[in-house]
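Here are my notes on the model you sent over.

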Amino acid sequence: MIKINGEVVNTKKFPDGTLLLKEDVSYDFKNYREATITWLFEDNEELVTLIYIVKHLNSHGITNLYLNMPYIPNSRLDRVKTTEDVFTLKYFAEVINWLNFDSVTVLDPHSSVSEALIDKIVIKQPDKYVWEAIDSKYIGGTNNLTMFFPDEGAMKRYSTMFDLPYAFGIKKRDWETGEIKGLDVSGMTDLIKGRKILIVDDISSRGGTFYHSSKKLKELGAKEIYLYVSHCENTILEGEVLSSGLIDRVFTTNSIFTKEHEKVEVFEYEE
């Protein structure tokens, strides 16, 4: 979904599948000459829409453009290992930079590589949404709460945001397949038994990391387990995070999650 100053851009298609777009610049921008574009990612075709919209606005004298892009597409491919790997994140960033936005605001980026590749980047931390989860009726505040970060990277990223006790995971992987085989727990492990646990990370696909985390936390005596991820792919509905019953509720933003589930709470991204 793409919005201009909060209004959704309606897209249609010609019979050949190409985009049909309409934006009445002379009417919508008669009182100001800048625009904020918000991109809540749904599919790669939206990049083409974004290019067309930016060029259309530029052609009508709207040159001060600000991009809100909470989720950075292609951020999972932040490095190449062989000559046949296509460095999609790098080339995506080059397109965004070519559009010459005055700023590009992102939420809790998955990789420091994406931060380096995108010009004029502004990074929003997820603490606002994590606190919304903590203060929700489900968790009910910080009393008897321990934070859990599924790996050392997440621990370094998030532990200083919250003055709360925490533990973190050390993943055990099959290095040939990348599959997670299990997880060890380090940190304040004595503050897990009988307590509420909030797992915090940046992104989830099918949720294998969080399944193994919650399984281990239950073994250590956790009373209730909750999960916050800034970017939740729709494929979480296909994994064991929700079906296993180990995690009581998932909290996320609408940066990429477009489905509904009784155990998923979606926070509106603040533009």
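1. Strand S7 (103–107) and strand S8 (residues 121–124) run parallel to each other, paired over four bridges. Pairing here needs at least two DSSP bridges between the strands, and Val106 has Ile123 as its bridge partner in S8. Between S7 and S8 the chain passes through helix H4 (residues 112–117), in a right-handed β-α-β crossover. Right-handed means that, with the strands pointing away from the viewer, the path from the first strand over the helix to the second runs clockwise.

2. Ground rules before going further: this is a predicted model, with local features needing pLDDT of at least 70 and side-chain atom pairs pLDDT 80 or more, while totals for chains, interfaces and linings use all residues. Residues are numbered from 1 along each chain as its sequence is written, and side-chain values use heavy atoms, with hydrogens and water left out. Helices (H or I, at least four residues) and strands (E, at least two) are DSSP runs, numbered from the N terminus; the chain has eight helices and 15 strands.

3. Which residues have the most contacts inside the largest nonpolar core? They are Trp39, Leu50, Met69, Ile96 and Phe101, in a core of 32 residues. A core here is a set of buried Ala, Val, Leu, Ile, Met, Phe, Trp, Tyr and Cys residues joined through side-chain atoms within 4.5 Å; buried is under 20% relative accessible area, exposed over 50%, partly exposed in between (1.4 Å probe, protein chains only). S7 is among the elements that supply at least two residues each, as are strand S5 (34–39) and helix H3 (88–98). Helix H2 (45–59) gives the most, six residues.

4. Take Met69: leaving aside neighbours within four places in sequence, its contacts (heavy atoms within 4.5 Å) include Trp39, Phe92, Ile96 and Val106. Apart from this core lies another, of 23 residues, including Ile134 and Tyr228.

5. Is strand S14 (residues 249–253) mostly covered or open? Covered: five of its five residues are buried, with Arg249, Phe251 and Thr253 on one side and Val250 and Thr252 on the other. S14 pairs in the parallel sense with strand S13 (residues 224–232) over three bridges, and with strand S15 (residues 264–267), also parallel, over four. Tyr226 is bridged to Arg249 in S14, and Val250 to Val264 in S15.

6. Overall, buried residues make up 46% of the 271 in the chain. The C-alpha trace spans about 60 × 45 × 35 Å along its principal axes.
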